[in-house]
Each structure stands twice: as C-alpha cells, then as structure tokens.
Amino acid sequence: MENFFHRKYVTYPSWLTACGDVRNLRILDLGCGSGRSSRMLAERGAKILGLDNSQEQLLIAKAEEKKNPQGIEYIFGDSGNLRLFNTFDMVTAAMLLHYAQKEEQLFNMCAEIAHVLIQDGRLVTLTLCPKHPVQTYHPLLGYSSEWVGPSFQNGSEIRITLYDSKGGEVGGFSNWYWDTKTYEKALVQAGFRNVEWSRCTINTEGKRLLLTSNPHDLNFPEIENKMILSVLTATLS
Ligand SMILES: C[S@@+](CC[C@H](N)C(=O)[O-])C[C@H]1O[C@@H](n2cnc3c(N)ncnc32)[C@H](O)[C@@H]1O
C-alpha cells in the first residue's frame with residue numbers, strides 16, 4: 001500500500017506535518033508495523049524506538065533496517081503495557097488506536113501513552129475518522145471499508161479490504177469504531193490537553209501530480225473527502 005496515492009500524498013504527509021520538526025526528538029512509534037512510519041520519522045532526524053505486537057511485521061522492519069541502517073530500534077510489545085519504558089518526547093501511533101476492540105482498551109492505551117511521555121510531550125496519531133470511517137472502493141484508494149457491526153456505534157467492527165493496482169482483492173483486516181467524544185474522553189482522562197482533529201489534505205506534490213496527469217478525473221476535495229483517516233493530536237499536561 002506504500003505506493004498508493006493517498007498514502008504518499010495525503011495521509012502520511014498530513015501526519016508528518018502534524019508531527020512538525022522532529023529533529024533529535026526521542027519518539028516511540030507505537031504500532032510501527034513494517035517500519036514505514038518509523039523510517040519516515042528517522043529520515044527527518046528523530047531517534048526512533050518502534051514497537052509492535054506482530055513479530056512478522058517486526059521481522060520486515062528489522063530486515064529493512066539491516067539493509068538501510070537509520071539507527072532505528074524495534075521491539076516486540078503491546079501498546080497497552082508500556083510501564084517498563086523510559087520517557088519520550090513524542091509518541092506517534094500511525095493507524096493504531098482503532099485496533100482497540102473495547103473501550104477499556106482504548107482508555108488503557110491512552111493512559112499508557114501518557115505514562116511514557118514527558119510533560120508537554122505530544123501524541124500524533126492517524127486514526128479512523130469518526131465522521132467518515134467507511135468508503136467504497138476507488139482505484140486511487142486501493143482500499144474499501146464497510147461496517148460489520150452497526151454503523152456509528154462505539155466498538156463496532158469495520159472491515160478494510162485491500163486491492164492491488166488492477167482492482168483485485170489482496171487481503172484485509174478489521175478496525176473498530178470509536179466516536180470523537182470517546183477518543184477525547186480517553187485522552188483527557190489520561191491527562192492530555194489540546195486534543196485536536198485535523199483532516200488529511202493533499203500535499204503540493206500530490207496536487208501537482210493530479211494537475212499534470214489525473215487518470216481518475218477526481219478533484220482535490222473529492223479525494224480528500226474519500227479519506228477514512230484523520231490526524232489526532234494531543235499534548236500531555
Ligand atoms: C496499519 S499498521 C500501521 C503500521 C505503521 N504505523 C505504518 O504507518 O506503516 C498497524 C499496526 O499496529 C499493530 N498493533 C495493533 N494493535 C497493537 C497493540 N495493541 N500493540 C502494538 N501494536 C499493535 C499491528 O500489528 C500493525 O502492525
């Protein structure tokens with residue numbers, strides 16, 4: 001999925017913009033998966049510890065680090081149990097919080113994140129947009145998402161299906177729905193302030209690309225409206 005338009009020019013750039021200047025920051029990249037998010041932060045000068053609860057994903061991340069060393073460390077662990085860690089300047093969790101299947105899990109993850117942040121440290125996350133979490137397939141997206149459980153109900157399962165560039169299904173996974181209030185309550189209860197949502201928007205390079213060659217004939221707002229992820233940021237009090 002790394003090369004899909006929305007990842008390259010919309011979701012990751014929006015999340016990176018929200019991260020700001022990360023030079024020399026100690027960042028815990030929770031749910032680092034195969035290390036894509038960790039590598040982008042390391043490229044920008046941050047010192048990264050990537051954590052994931054999938055050994056398969058970590059193997060891919062570690063192999064990439066071996067091939068192209070960026071000084072990233074990877075560790076197996078659960079985002080719901082971070083008590084053994086030292087503090088970090090920032091926690092990034094690109095596409096992690098919506099893996100919480102129960103409200104207690106979401107609240108616990110936010111509390112654990114607060115526990116590993118320095119005072120005024122920031123959480124910068126991409127998560128399923130509470131307002132537009134489902135989307136039908138479009139070739140520019142490479143995914144579709146649909147309700148498995150009742151729509152817009154907290155804890156409801158959403159199935160994400162992935163497609164290759166020719167539109168063939170190549171797999172999928174589930175995420176769970178949480179509304180704006182629940183995310184905000186979990187963060188405030190954990191000790192965060194300045195909880196802010198922002199939409200994912202197309203960066204300049206993506207816009208230029210669409211202007212010069214736009215095989216799908218979609219305009220900018222239409223593409224941005226198809227994004228099922230939002231950027232969520234908060235600062236630890
Ligand atoms: C969609 S991937 C995002 C990977 C990476 N952040 C990126 O941007 O490429 C989400 C990752 O979160 C991990 N994950 C889900 N629940 C977790 C948990 N409780 N603790 C740690 N990792 C978790 C999954 O294994 C998966 O690798």
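## A walk through the sheets, helices and ligand shell

Start by selecting Glu146 and Arg159: in strand β7, Arg159 is the bridge partner of Glu146. Keep in mind along the way that this is a predicted model.

Stop 1: Which strands sit at the edges?

**Stop 2: the seven-stranded sheet.** Next, colour the strands of the other open sheet in the order β3-β2-β1-β4-β5-β10-β9; the pairing among these seven strands is mixed. Its edge strands are β3, residues 73–76, and β9, residues 192–199, each with pairing on one side only. In this sheet the twist averages 20° from one strand to the next.

Zoom in on the β9 end. Here β9 pairs with β10, residues 229–236, in the antiparallel sense, over six bridges.

Stop 3: Keep β9 and β10 on screen and select residues 180–190. This is helix α5, which lies across β9 and β10 and runs at about 150° to β9.

**Stop 4: α4 against α5.** Two packed helices are described by the angle between their axes and the distance between the axes. For α4 and α5, the axes come within 8 Å and cross at roughly 40°, so α4 is oblique to α5. What is the handedness of the crossing of α4 and α5? It is right-handed.

To see the contact itself, show these side chains:

- from α4: Glu103, Leu106, Phe107, Cys110, Ala111, Ile113 and Ala114
- from α5: Thr182, Ala186, Leu187, Gln189 and Ala190

Colour them by class and the contact of α4 with α5 divides into nine nonpolar residues, two polar and one charged.

**Stop 5: α1 against α6.** Move on to residues 5–19, helix α1, and residues 204–212, helix α6. Their axes come within 8 Å and cross at roughly 135°, which means that α1 is oblique to α6. Display Phe5, Tyr9 and Val10 in α1 where they meet Glu205, Gly206 and Leu209 in α6. By class, the residues of this contact are four nonpolar, one polar and one charged.

**Last stop: the ligand.** Finally, select the ligand and its surroundings. How many residues surround the ligand? There are 16, and the closest are Gly31, Gly33, Arg36, Ser37 and Ser54. Colour the whole shell by class, and you will find five nonpolar, eight polar and three charged residues around the ligand.

Methods:
Residues are numbered from 1 along each chain as its sequence is written. This is a predicted model: local features need pLDDT of at least 70, side-chain atom pairs count only at pLDDT 80 or more; totals for chains, interfaces and linings use all residues. Two strands pair if DSSP finds at least two bridges between them. Helices (H or I, at least four residues) and strands (E, at least two) are DSSP runs, numbered from the N terminus. Axes are lines fitted to C-alpha atoms, for helices over the stretch in contact, and angles run from 0 to 180 degrees between N-to-C directions. Two residues are in contact if their C-beta atoms, placed from the backbone, lie within 7 Å. A residue is near a molecule or strand if its C-beta atom, placed from the backbone, lies within 6 Å of it. Ala, Val, Leu, Ile, Met, Phe, Trp, Tyr, Cys and Pro count as nonpolar, Asp, Glu, Lys and Arg as charged, and the others, Gly among them, as polar. Angles under 35 degrees count as roughly parallel, over 145 as roughly antiparallel, 65 to 115 as roughly perpendicular and the rest as oblique. A crossing is left-handed if the near helix is turned anticlockwise from the far one by less than a right angle, and right-handed if clockwise.
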